[in-house]
Amino acid sequence: MKIFRSILCTLIVLTILLDTNVFAQNPVIRDQYTADPSARVFNDTVYLYPSHDILATEGKGRPGWFCMEDYHVFSTTNLTNWKDYGVIISQNKVPWVNTKAFAMWAPDCAYKNGKYYFYFPSPSKSNGFSRGFSIGVAVSDHPYGPFIPQAEPIKDVHGIDPCVLIDKDGQAYLIWAAGKFFIVKLKPDMLEIEGKPRIIEGMPSKGLIEGPFMFERNGIYYLTYPHVQDTTERLEYATSDSPMGHFKVRGVLMDATPDCWTNQCSVIKFKNQWYLFYHHNDLSPHFDKNRSVRIDSMFFNEDGTINKVTPTLRGVGITDVANEIQIDRYSAKSDQGASIAFIDTSNTFKGWKTILDLPEAWIQYNSVDFGSRKTKSINIKALSNTGGTLQIRLDNADGAVIATVTIPKNKEWSMIHSSLTEFEPGIHNIIVQLNSTGKVEIDWVKFE
Ligand code: FUB
């Protein structure tokens, strides 16, 4: 009976975890901080292995600095709806990790011969925090765990931000940062290195480099990495015809921003499109050690160079019309009268709102899938201390107006329901415009 009850409890917990629906758009995870995203495609599903930033508190990490004690893994099949599988590794479950360090930094995951290998850096008990990081491995039968950590870190590897490249011939390479970038072959067991680590030559010699991520496309090996060229990290990339180098710096992948000192990225090809996973401090604008993962599309030129990626709020993926559409993650907006703010500055995890406060101010949200079943109405979660009128239209040739909604004067957020005057099947960009004077705040819109 006891065993049966415990199995039942485990199943319930698992079901809750697997059903957790994390938000779409940027940032992609909105109920916790995530950073240093390592994205991998396993079995047609995208898995995201980020660092998990938390706020240091008394006796837990160093206030004002990075603080991480565990890792979660997330997955998606459409880049829009994410599942959180919960904690896969925590520092107090790894025999070799210094549990006073709270420094479970950027990880990666690789698949080989039926097993998943999760690589993560941390100061070790024997090294102590000041003497640098070691890199350990945890092994699982599934990309989402449970992962069993090895008793000791990888021998003769010292540094942070591990990345594993499995080459076309099946050879696995471990790459990491320790002032410079290092690379070494992994033995077939994926747990030990083969030979001596080599420095990757050709990298910038001035300004910090870290977070290496290597991938291959059409015989070109790309090495992406954050680099402090000026005052904060920008993403750059280098190329080579071999994983071992020599690499040549090719350019900037994403410009630096003043608000977030770090950035780190990974690259995947999923359903014929290339994506750049990176981070910013969207949910913590005043403390850049609490970061959030973003995704944007990435495009190659014919000669194999990469177009610089412009960060967006809209991110990627097609939003189902029946979802709560967070138009504050916009694709475009009018220069005046349209702004974005946190719903509650004391709890940023509640997300953002759109504020329209000039006649004809508008905001546009791209790629909403209306499907083929007739959509009849719209729900808008709104707040207005003046009252106002919103017009909802499609960004197509005839700019079809699909709804005109009166938002009543109200001191509280309320749901306003209105019929659609038109329906057009398929994928559309939607525009929400203020068609009156006054001020209307919008949390989200949703169609039925
Ligand atoms: O997240 C902690 C560290 O910050 C990472 O390991 C670095 O690459 C930087 O993002």
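Strands here are DSSP runs (E, at least two residues), numbered from the N terminus, and two of them pair if DSSP finds at least two bridges between them. With that in hand: strand 17 and strand 18 form a hairpin with two residues between them, and Lys-271 in the turn has a positive phi of about 50 degrees. This is a predicted model, in which local features need pLDDT of at least 70 and side-chain atom pairs count only at pLDDT 80 or more, while totals for chains, interfaces and linings use all residues. Residues are numbered from 1 along each chain as its sequence is written, and side-chain values use heavy atoms, with hydrogens and water left out.

**The hairpin**

- Strand 17 (266-270) and strand 18 (residues 273-280) pair in the antiparallel sense over five bridges.
- Phe-270 sits opposite Gln-273 in strand 18.
- Four of the five residues of strand 17 are buried, so the rest of the structure largely encloses that strand; buried means under 20% relative accessible area, with a 1.4 Å probe and protein chains only.

- Five strands make an open sheet in the order 22-23-30-25-28, with antiparallel pairing.
- At the edges are strand 22 (338-342) and strand 28 (410-419), each of which pairs on one side only.
- Neighbouring strands of this sheet are turned by 35 degrees against each other on average, direction ignored; the axes are lines fitted to C-alpha atoms, and angles run from 0 to 180 degrees between N-to-C directions.
- Strand 25 (residues 377-384) pairs with strand 28 over seven bridges, in the antiparallel sense, and Ile-378 has Ser-418 of strand 28 as its bridge partner.

**Cysteines**

- You'll find zero disulfides in the structure, a disulfide being a pair of cysteine sulfur atoms within 2.5 Å.
- Cys-109 has its closest cysteine sulfur 12 Å away, in Cys-163, which is too far for a bond; Cys-109 is also buried, at 0% relative accessibility.
- For Cys-265 the closest cysteine sulfur is again in Cys-163, at 9.8 Å and too far for a bond, and Cys-265 is buried with a relative accessible area of 2%.

**Pockets**

- On a 1 Å grid over the protein atoms alone, a pocket is an open set of points with protein on both sides within 12 Å along at least five of seven lines, and its lining residues have an atom within 4 Å of a point.
- The largest pocket has a volume of about 440 Å³, and of its 19 lining residues the closest to the centre are Arg-40, Leu-165, Ile-166, Phe-215 and Glu-216.
- Strand 13 gives the largest share of that lining, four residues.
- By class, the lining of the largest pocket splits into 14 nonpolar, no polar and five charged residues; Ala, Val, Leu, Ile, Met, Phe, Trp, Tyr, Cys and Pro count as nonpolar, Asp, Glu, Lys and Arg as charged, and the others, Gly among them, as polar.
- The second largest pocket, at about 370 Å³, has 21 lining residues, with Arg-314, Val-316, Gly-317, Ile-318 and Ser-367 nearest its centre.
- The lining of the second largest pocket has six nonpolar, 11 polar and four charged residues.

**A cavity**

- The structure has one cavity of 30 Å³ or more, a cavity being a set of points where a 1.4 Å probe fits but cannot get out.
- About 60 Å³ of space lies in the largest cavity, and its lining includes Asp-36, Pro-37, Cys-163 and Cys-265.
- Strand 1 and strand 9 are the elements that give two or more residues to the lining of the largest cavity.

Technical notes:
Buried means under 20% relative accessible area, exposed over 50%, partly exposed in between (1.4 Å probe, protein chains only). Grid points are joined across faces, edges and corners, and a volume is the space filled by probe spheres set on the points.
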